[in-house]
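Please study the sequence and the structure shown here before reading on.

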Amino acid sequence: SLVNLTSGPVRPIRELIPVNNITVKLKLDGRSVANHKILRCQGNCQVKTNGQTVELNISKLQDFFAAHIQMNA
């Protein structure tokens, strides 16, 4: 999961500033992805798997992103 804590200079936080075009690459040690599901996303979200690598492409993170990734045994 990813959480956006980006805001303007005023405290307490009154408004989140969206973060755009995020790519996260995960290298999995000796295992591969069996299945995946996007649980929460604002904007377009893509999951690419290639052997032991998972790449998440998130077009917009407003407040919270979550994905479930199931691994092969």
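A residue is called buried under 20% relative accessible area, exposed over 50%, and partly exposed in between (1.4 Å probe, protein chains only). The structure is a predicted model, in which local features need pLDDT of at least 70 and side-chain atom pairs count only at pLDDT 80 or more, while totals for chains, interfaces and linings use all residues. Residues are numbered from 1 along each chain as its sequence is written, and side-chain values use heavy atoms, with hydrogens and water left out.

**The sheet**

Strands (E, at least two residues) are DSSP runs, numbered from the N terminus. Two strands pair if DSSP finds at least two bridges between them. Strands of a sheet pair through backbone hydrogen bonds, either parallel or antiparallel. Here three strands form an open sheet in the order S2-S5-S4, and the pairing is antiparallel. Strands S2 (19–27) and S4 (42–50) are the edge strands, each pairing on one side only. Seven bridges link S4 with strand S5 (residues 53–61) in the antiparallel sense.

**Two residues of S5**

Thr53 lies in strand S5, and Asn50 stands opposite Thr53. Because its relative accessibility is 29%, Thr53 counts as partly exposed. The C-alpha atoms of Thr53 and Ser7 are separated by 32 Å, although these residues are 46 apart along the chain.

Glu55 also has its place in strand S5. Its side chain makes a polar contact with the side chain of Asn57 at 3.2 Å. A polar contact is a pair of N or O atoms within 3.5 Å; within protein, one must be able to donate a hydrogen and the other to accept it, and residues adjacent in sequence count only if both atoms are side-chain atoms.

The table lists contacts (heavy atoms within 4.5 Å), leaving aside residues up to four places away in sequence.

| Residue | Residues in contact |
|---|---|
| Thr53 | Leu26, Lys27, Lys48 |
| Glu55 | Thr23, Val24, Lys25, Gln46, Val47, Lys48 |
| Phe65 | Ser1, Leu2, Ile38, Arg40, Cys41, Cys45, Leu56, Ile58 |

**The core and the disulfide**

A nonpolar core is a set of buried Ala, Val, Leu, Ile, Met, Phe, Trp, Tyr and Cys residues joined through side-chain atoms within 4.5 Å. The largest one has nine residues, including Ile22, Val47 and Phe65. S5 gives the most to this core, with four residues.

Phe65 is in contact with both Cys41 and Cys45. These two cysteines are joined by a disulfide, with an S to S distance of 1.4 Å; a disulfide is a pair of cysteine sulfur atoms within 2.5 Å. Cys41 counts as partly exposed because its relative accessibility is 23%.
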